[in-house]
Amino acid sequence: MLSKIVRTVANQLIVFILIFGLYVIAHGHLTPGGGFQGGAVIVSGVVMLLVAFSSKELKKSLRERVLTILESTGALIFAALAFAGIGTAFFYNLLVDTPIFGRIPPTGPGPGDFWTGGVVPLMNFAVGLKVVAGLSAVVLAMALFSSGEEVEE
Amino acid sequence: MEHMPLNFPFLAAALLAAVSFYIMIFKKNLIKLIMGIAMMSSAVNLFLVALGYRAGGNAPIYTDVPEGPMVLPVPQALTLTSIVINVAVLALMLTMVMQIYRHTGSLDSEKSRKLKG
Amino acid sequence: MTHILESGYAFWNPIVWIIVFIVVLIVVYFFRRRGQKEYKKDTDQTRIFLCGGEVPEAGERHIRVGNIYWGFFETLKEYYKQILRPHTGIINDYVLWFVAITAVSALVLLIAGLAK
Amino acid sequence: MAALITQAPILIIAIPLVAAFLTPLIGMASKKARNALVIVSLVFVAFLVFALARDVVINGIHVYTLGATSPGQTIPTGFMVPVRIILEIDAMSAFFSIIWSIVSLAAAIYSLSHIANETGQTRFYTLLLLMVTGGFGMMFTGDLFNLFVFLEIASISGGALIAFRTRFGDTQEGGFKYIVVSAIAGLMVLFATGILYGQYNSLNIAILAQAIQYTTLDQIALALLLIAFAMKTGMVPLHLWFPDAYSVAPASITGMLVITSHACMYAAFRVCFTLYGAVIDAPVVGWILIAFGLLTMFIGVTMAVFQKDVMRFMSYHAISQLGYMWLGVGVGLAVLGNPGLLATYGRDAMSGGIFHILNHAMYKPLLFFTGGALFHLTGTRDLAKMGGLAHKMKWTTILYIIGTLSISGIPPLNGFSSKILIYESVYQFNPIFTVIGIIVSILTLASFTKAFHSAFMGAELPEYKGVKGVPRSMIVGMVILAAGIIFITLFPAQIVNWILHPAADALIDRGAYINAVTGVIP
């Protein structure tokens, strides 16, 4: 566990990291980024917390069981979105021409429209959830392991 | 950027690959071996991105892009996928090296050769 | 049904073989029935006989794997010495082999391509 | 049913994937429900695979487009998309997927009691199902990049499964070696994909196959792809990692790894015959495959005779058997440009090589499973510490004998049917190869006899007096594969005509594979 200054600053900074990560996830269909990249940004915040507090402290709030459930849920939402279009084909974009993310953008350069992309933004959220949970579990497990503690099974 | 010789990124990728193979063949430390593989994946990723580059091209994003050619988006998608895969591979390798260290107390590849012959 | 799996010179039909096996089994059964009738299990008749001496314990009289085919390995000692040399168990060598073989086959293909 | 078969290609890949991520959730509630989910999903996948294979053999190649109804369609219309992500299933892919579905089902059933005493079983089944997904993906995918992705999925989950029993040190070493080798092979495949994409602006195998020129860069890409896949199959002299990884994995996983190695062989065939089929320097590449095949057969078997670790000994035999397949297909490739020779013996040699893959996929996992049963009972892989185990494991002994006779090519078992096809056809190409093949076969029988004697024969050893028998689910897993062996033994000709000749023809006739995609693009 590091000094009080570091812990306080980390506590404040995690909010901004979370917001930036969520921004990258949400705008994955318009700008560079997406589920994995935004998730990795959020996990970098988790790593910061891991450095500021100890892995034992963090283990109390980020429990392995919760992370497993979140990871599986993310993957299952992704698969469910892909399966939703199976009437036509797997991964078929059902939401085209619907009010939810359904607008068709004009071709050529122009400002990005957030409500486009169909199921792609939703899939970005699912992937983001999975990446946050999965990579946090990886980082946490490695930290616990190297601090000499057995990882619970 | 427009006057950059187009072959330069490919040469850089080749150099990276050569260095990474050197590391993988001659460095006996397992962590260094993993670094070699990470460099190898960087070399391949650089190669892929360089493939999609068009002279003077813009990033393939619709948001407020000026007129003109765009670089190819497909190699960038490939690169992103390969980065994601490499994250998984590297995490797995590091976990195994930690376990090897726990069991043998050494990171030397010449010492972790219980399986041979 | 007589000619299945033809390969130009020969054919292979497992049914023929199975019939032969059944015939052989019947013959064996016939011989077995003519055997001694007064054989009894768990008597001195089934005990191991080793020159009339002491029979070793089960663990000691079992021929372990290291002793089987001793002559074969003794004859091919040089071959095994050579063949075991690359099997170092060091991961760096595995990468080296991969690089070497890739380079050699790329060269072979390039030379063959030039010759064409 | 028709709709199910239309959707079958993606369902076969997606159902294990969904089941993989359901297992952690269900595993928290109940172990039995989790095991049932694994088995039921794999049984359903096996059913779909058989239905799909039947349809492919009867009606021709299936092309499944992800996200649209045809490979060239765009939403909204009017955009230029060269070709979408597709799955393309011809007889060859169907053949490999049949093998994979049977072996993965048997391995899952075998695992139920083989890993019953380990920690983290839920993760084991998640990884197992992911590996199934990766394998099917490799066999079905229609583009090079997804081949790389699925290869990596199978490699990562396979590597994690090899190192699954973390309480042993050697499992970690074997898993590490496997994952390093897989990572390098995967990166080389990606590099070659990049080279081809840079020249022909496509990732689709069929489109690439139509456009390919065999420039210098293409030759380098061919070497990279061929050697990378060959390393993943365990071709000598790139086999050094193979026994290290296979001997330490849980036996059920070793059985599955054999088939992932065959999936890489499928990828190599696809590259040689379909992607480069028109331009390839067939005699040169064919002779390279033949030379490596002979080396693989001979060095594999001589190393196997020498081994004292039961799983390692079987791993070396797996390597040696892979040589037969390379030999058969290599002879087919060497005469690919000569229709007369191809009809005389080339097609038979290829069918023999492919038939040997089917047989090997049945008996080698069976033998690995019996090795796992030995480990389960004795707690050691060292043959020198075993003896008299036939008293304790009667079923396993019988199954081991079936596997031994089959791998050594003793008539009338199935190993003989494929070996005679290879011997007879290769004899016409070059008689010496057949002689080498027969010597290797003899050495195989000799070494399996040695292992049989030291593990099963003899009086009951005092240290194994108290051990229990082999659990029932492990027997069931082995019996599934033994039943496969018996079936192939009894009906070799039917199997050759039903699936093997279509599969060999699918390799020779690359035009059909290309037309299935290019024919539907506007």
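Q: How many residues of chain D are in contact with chain C, and how many of chain C are involved?
A: In this predicted model, 55 residues of chain D are in contact with 37 residues of chain C.

Q: Which elements of chain D give two or more residues to that side?
A: They are helix 6 (169-200), helix 8 (216-233), helix 11 (282-306), helix 13 (339-378), helix 15 (414-429), helix 16 (431-456), helix 17 (472-490) and helix 18 (492-508) of chain D.

Q: And which helix has the largest share?
A: Helix 8 of chain D, with nine residues.

Q: What's the split into nonpolar, polar and charged on the side of chain D that touches chain C?
A: That side has 35 nonpolar residues, 13 polar and seven charged.

Q: Which pair of chains has the most contacts?
A: Chains C and D, out of five pairs that touch.

Q: What about chain A and chain C, how far apart are their nearest C-alpha atoms?
A: Those are 23 Å apart, and the two chains do not touch.

Q: OK, switching to packing inside chain D. At what angle do helix 3 and helix 10 of chain D cross?
A: Roughly 165 degrees, and the axes of helix 3 (residues 91-114) and helix 10 (residues 251-275) of chain D come within 8 Å. Angles over 145 degrees count as roughly antiparallel, so helix 3 of chain D is roughly antiparallel to helix 10 of chain D.

Q: Left-handed or right-handed crossing?
A: Left-handed, for helix 3 of chain D passing helix 10 of chain D.

Q: Which residues meet there?
A: From helix 3 of chain D, they include D:Phe96, D:Trp100 and D:Tyr110, and among those in helix 10 of chain D are D:Gly255, D:His262 and D:Phe269. By class, this contact has 13 nonpolar, six polar and no charged residues.

Q: Last one: D:Gly353, buried or exposed?
A: D:Gly353 counts as buried because there are 30 C-beta neighbours inside 10 Å, and 20 or more is the cut-off. The residue lies in helix 13 of chain D.

Q: What does D:Gly353 touch, leaving out residues up to four places away in sequence?
A: D:Tyr324, D:Met325, D:Leu327, D:Gly328, D:Val329, D:Gly332 and D:Ile422.

Conventions. Residues are numbered from 1 along each chain as its sequence is written. Chains are lettered from A and ligands numbered from 1 in the order in which they are written. This is a predicted model: local features need pLDDT of at least 70, side-chain atom pairs count only at pLDDT 80 or more; totals for chains, interfaces and linings use all residues. Two residues are in contact if their C-beta atoms, placed from the backbone, lie within 7 Å. Helices (H or I, at least four residues) and strands (E, at least two) are DSSP runs, numbered from the N terminus. Ala, Val, Leu, Ile, Met, Phe, Trp, Tyr, Cys and Pro count as nonpolar, Asp, Glu, Lys and Arg as charged, and the others, Gly among them, as polar. Axes are lines fitted to C-alpha atoms, for helices over the stretch in contact, and angles run from 0 to 180 degrees between N-to-C directions. Angles under 35 degrees count as roughly parallel, over 145 as roughly antiparallel, 65 to 115 as roughly perpendicular and the rest as oblique. A crossing is left-handed if the near helix is turned anticlockwise from the far one by less than a right angle, and right-handed if clockwise. A residue is buried if 20 or more other C-beta atoms lie within 10 Å of its own, exposed if 12 or fewer, and partly exposed in between; C-beta atoms are placed from the backbone.
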